[in-house]
Amino acid sequence: SPEDTTYVLLVTDAEGCTDLDSVYIVHHELEASFLPILDDIIAPTDIMFENNTTFSTLADEVSYVWDFGDSTDASDDFEPIHTYLSGGYVTTTLIAYSDETLMCSDTFAYTILIYPSADLFIPNVFSPNGDGFNDVFEIEDKGVREFSCILYNRWGTELYRFDELDNKWDGRSYSGTPLPEGTYFYLIEATGYDRKEMILKGTFSLMR
């Protein structure tokens with residue numbers, strides 16, 4: 001890697017006159033780095049960023065700009081603590097500057113997955129008529145780790161069962177027969193990344 005070096009310059013003009021000078025060049029070796037430290041991956045959560053930036057200059061000659069990746073203001077603290085209010089993938093970026101002109105810098109980024117508090121969104125009606133709009137019974141989730149759902153008719157007959165949130169029901173029986181309009185029932189058991197356990201029972205309507 002580059003080291004601090006003295007460069008010697010010898011200049012000779014057309015008449016043979018010479019002049020000698022030297023300059024000492026300091027190489028600002030700089031490598032931005034940090035480690036996020038957190039107790040919980042469930043939003044809202046506080047994350048402390050341990051600054052591990054290395055440099056060849058004095059500490060008070062290095063400045064920092066933190067972008068937390070969630071549309072909040074940047075920070076110039078050495079080791080900030082930031083609160084993330086919602087879940088998702090967030091990328092925190094640190095830019096370290098080693099001089100006042102901001103010409104010498106290095107950038108380091110770290111992506112973290114933060115889970116939201118567990119919740120489910122269950123439709124109360126769907127219409128499997130092939131028009132491309134609301135054709136399937138689909139449950140949306142936030143922060144759910146384990147999930148199972150059983151669908152019944154009014155007589156308690158099981159119509160469909162799925163254990164993955166990306167499964168969708170198209171209003172057909174196990175044999176593929178389209179079922180009539182009416183009220184149907186669900187039983188859902190789910191566990192969130194926040195360890196929240198949910199048992200949900202309710203009704204929804206099938207319309208054609």
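Which side chain meets that of Lys-168 in a salt bridge? Keep that question in mind while you set up the view. The model on your screen is predicted.

**Stop 1: salt bridges**

Select Lys-168 and Glu-138. Their side chains meet in a salt bridge, at 3.8 Å from N to O. Side chains of opposite charge can pair when their charged atoms come close. Now trace the chain from one partner to the other. Lys-168 sits in the loop between β15 and β16, and Glu-138 in the loop between β12 (125-126) and β13 (140-142). The two are 30 residues apart, so this pair links distant parts of the chain. Lys-168 is partly exposed, at 39% relative accessibility. Glu-138 is partly exposed too, at 33%.

Next, pick Arg-161 and Glu-158. This salt bridge spans 2.9 Å, N to O. Arg-161 has 43% relative accessibility and counts as partly exposed. Glu-158, at 29%, is also partly exposed.

Move on to Arg-172 and Asp-170. Their closest N and O atoms are 3.6 Å apart, and they form a salt bridge. Arg-172 is partly exposed at 37%. Asp-170 is partly exposed at 36%. How many salt bridges does a search of the whole structure find? The count is four.

**Stop 2: a buried ring pair**

Turn to the aromatic rings. The whole structure holds 19 aromatic pairs. A pair of aromatic rings is described by the distance of the centres and the angle of the planes.

Start with Phe-34 and Phe-108. Their centres are 5.1 Å apart, with 85° between the planes, which makes the pair edge-to-face. Is Phe-34 buried or exposed? Phe-34 counts as buried, because its relative accessibility is 3% and the cut-off for buried is under 20%. Phe-108 is partly exposed, at 26%.

Now select Trp-169 and Tyr-184. The ring centres lie 5.9 Å apart and the planes stand at 70°, so this pair is edge-to-face. Trp-169 is in the loop between β15 (158-162) and β16 (182-192), while Tyr-184 is in strand β16. The pair therefore ties together parts that are 15 residues apart in sequence. Both residues are buried.

**Stop 3: the cluster and the patch**

Keep Tyr-110 selected. This residue lies in strand β10 (residues 105-114). At 32% relative accessibility, Tyr-110 counts as partly exposed. With Tyr-110 they form a nonpolar patch on the surface. Together the three have about 230 Å² of accessible area.

**Stop 4: an open sheet**

Switch to a cartoon view. Find three strands in the order β4-β5-β8. They form an open sheet with antiparallel pairing. Strands β4 (34-38) and β8 (81-84) stand at the edges, each with a single partner strand, so one side of each has no neighbour in the sheet. From one strand to the next, the twist averages 30°.

Zoom in on β5 (residues 45-51). Four bridges join β5 to β8. Which residue of β8 is the bridge partner of Ile-47? Select His-82 to see that partner.

**Last stop: Tyr-186**

Finish in strand β16, where Tyr-186 is found. Tyr-186 counts as buried, at 12% relative accessibility.

Definitions and conventions:
Residues numbered from 1 in each chain as written. Predicted model: local features only at pLDDT ≥ 70, side-chain atom pairs only at ≥ 80, totals over all residues. Heavy atoms only, no water. Patch = residues over 30% accessible without salt bridge, like charges linked within 9 Å, V, L, I, M, F, W, Y side chains within 5 Å. Areas by Shrake-Rupley, 256 points an atom, 1.4 Å probe, with all protein chains shown as cover. Buried < 20%, exposed > 50% of the residue type's maximum accessible area, 1.4 Å probe, protein only. Pairing = 2+ DSSP bridges. Axes fitted to C-alpha atoms, helices over the stretch in contact; angles between N-to-C directions. Phe/Tyr/Trp six-rings, centres within 6.5 Å; stacked < 30°, edge-to-face > 60°.
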